[in-house]
Amino acid sequence: MKIILNLGLIFSISLIFGPVINASEVIPETDSQVIVRAHPKTGKPYVVIVAKDSIPEPFFPDSKKFSRPDYRLLDPKVKSGQIPYDGPYSDSKRIYIFAATVATLGTVGGAIGMAVIPASASGAATGGAGYLAAGGAVAASTVTAAVANTAPNPKNDDFVQTSESKSIYKENQKRL
Amino acid sequence: MFLAGCASIFGWDIQAPGLLSEGFIQSVQPIHQRIALYFSKDLLSYVSKDRGGRSADPQTYHVGESYGPMIIEAFQSAFDEFIFLETEPSADLLKQYGVPYLVAVKIKNFNNEVSWSGQILSLATETTIFDSNLTVIEHFESTGTSDVKRVFAKKGGPQVNLNLALENNIMSIVEHIQDVLKQKSNENNS
């Protein structure tokens with residue numbers, strides 16, 4: 001389907017864009033062509049101009065499709081899991097388990113541990129709980145240190161700004 | 001100490017969903033305008049390892065891979081005739097396809113501030129609007145920020161926080177461009 005969208009939907013440029021050009025104006029042809037791509041996340045088609053001389057490669061890498069984000073999830077009063085979320089996430093538990101495994105057993109031992117854990121679900125769960133406690137201690141210490149670094153920053157108080165746009169300059173010059 | 005050292009090797013790998021929210025789609029009113037968007041493919045690989053504090057856990061933010069699809073979706077919603085350029089723009093190319101305006105966007109900076117209570121993420125971009133002769137008609141900087149408390153305590157919290165910062169940046173860009181083009185249209189009509 002993607003191949004069809006990427007390669008099959010090449011349109012006649014003059015039919016689409018012709019009316020804008022004056023009849024007396026000579027427009028040089030460029031080495032380009034028009035194709036239609038599907039949006040990598042929504043699938044909604046859009047017009048793309050690509051180089052003419054080659055088969056256009058996908059501009060975006062393949063990615064999973066997710067639901068639109070619901071920003072109510074960020075409300076401090078909303079608990080984890082109250083708002084459905086199916087997007088990507090970093091599993092910090094797994095990371096801390098792995099870190100603790102390496103810390104406890106060393107590089108070689110850690111590699112053995114990682115190989116063994118998936119083969120034994122109950123053993124992994126028991127061991128994981130112990131490692132998680134260690135990981136939790138690490139997290140607590142790092143968070144405390146972060147506070148010490150960031151607490152004096154007055155910008156963290158009453159921060160309500162969400163977006164801003166300001167002109168840098170307006171002038172007639174060619175640059176890209 | 002050793003545990004802390006190991007934890008700091010790993011950390012948070014944060015990828016936003018890369019989609020605009022329903023709120024964005026509903027709040028942006030499309031204008032009838034043909035417009036082209038260009039950004040370098042390098043933008044998609046923009047990654048920030050700003051952990052937001054010297055002692056905070058390591059965090060890797062995959063900013064570009066989400067920002068690219070999101071800004072394309074925003075332009076689809078904001079302009080009736082949207083064209084994306086995957087080739088280097090030129091005045092001849094714009095004239096050939098009857099494109100009166102070209103927008104070029106690049107990421108300037110990504111900032112992360114982690115505090116005990118939460119996290120502030122902000123994305124700054126530079127945007128240039130050209131006419132069909134590749135003459136600059138507007139050059140502006142936009143910043144989108146998301147300031148959220150207890151973000152790391154929730155599944156998807158850092159990811160959605162990143163998404164919101166990107167979306168706020170894109171909202172700012174789109175509104176700025178629409179304002180400029182409406183002003184241009186009024187000048188041409190008067």
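Of the 190 residues in chain B of this predicted model, 54% count as buried. The C-alpha trace of chain B spans about 65 × 30 × 20 Å along its principal axes, and within chain B 71% of the contacts with a separation of 6 or more join residues 24 or more positions apart.

**Elements of chain B**

- Chain B holds 5 helices and 8 strands, and these follow one another along the sequence in the pattern α-β-α-β-β-β-α-β-α-β-β-β-α.

**Packing of α3(B) and α5(B)**

- Helix α3 (residues 63–78) and helix α5 (residues 157–189) of chain B have axes that come within 10 Å and cross at roughly 40°, and the crossing is right-handed.
- On the α3(B) side the contact is made by Ser66(B), Tyr67(B), Met70(B), Ile71(B), Ala74(B) and Ala78(B), while α5(B) contributes Asn163(B), Leu166(B), Glu167(B), Ile170(B), Val174(B) and Gln178(B).
- Sorted by class, the residues in this contact between α3(B) and α5(B) are 8 nonpolar, 3 polar and 1 charged.

**The largest nonpolar core**

- The largest nonpolar core has 59 residues, of which Ala36(B), Ile83(B), Leu102(B) and Val103(B) touch the most other members.
- Two or more residues of this core come from each of β2 (45–51) of chain A and, in chain B, β2 (31–38), α3, β5 (79–85), α4 (91–96), β6 (101–114), β7 (118–131) and α5.
- The element that gives the most to this core is α5(B), with 11 residues.
- In soluble globular proteins, nonpolar side chains tend to be buried together.
- Leaving aside residues up to four places away in sequence, Val103(B) touches Ile35(B), Leu37(B), Thr127(B), Ile129(B) and Ile177(B).

**Confidence in chain A**

- Within chain A, confidence is highest in β2(A), at a mean pLDDT of 94, and lowest in helix α4 (residues 121–150), where the mean is 30.
- The pLDDT is below 50 over residues 1–23 of chain A, a stretch for which the model has 23 contacts beyond near neighbours in sequence.
- Residues 107–160 of chain A likewise stay under 50 in pLDDT, and for them the model has 57 contacts beyond four places in sequence.

Methods
Residues numbered from 1 in each chain as written. Chains lettered and ligands numbered in written order. Predicted model: local features only at pLDDT ≥ 70, side-chain atom pairs only at ≥ 80, totals over all residues. Helix = DSSP H or I, 4+ residues; strand = E, 2+ residues; numbered from the N terminus. Buried ≥ 20, exposed ≤ 12 C-beta atoms within 10 Å, placed from the backbone. Contact = placed C-beta atoms within 7 Å. Axes fitted to C-alpha atoms, helices over the stretch in contact; angles between N-to-C directions. Left-handed = near helix turned anticlockwise from the far one by under 90°. Nonpolar A, V, L, I, M, F, W, Y, C, P; charged D, E, K, R; others polar. Core = buried A, V, L, I, M, F, W, Y, C linked by C-beta atoms within 7 Å. pLDDT = per-residue confidence, 0-100.
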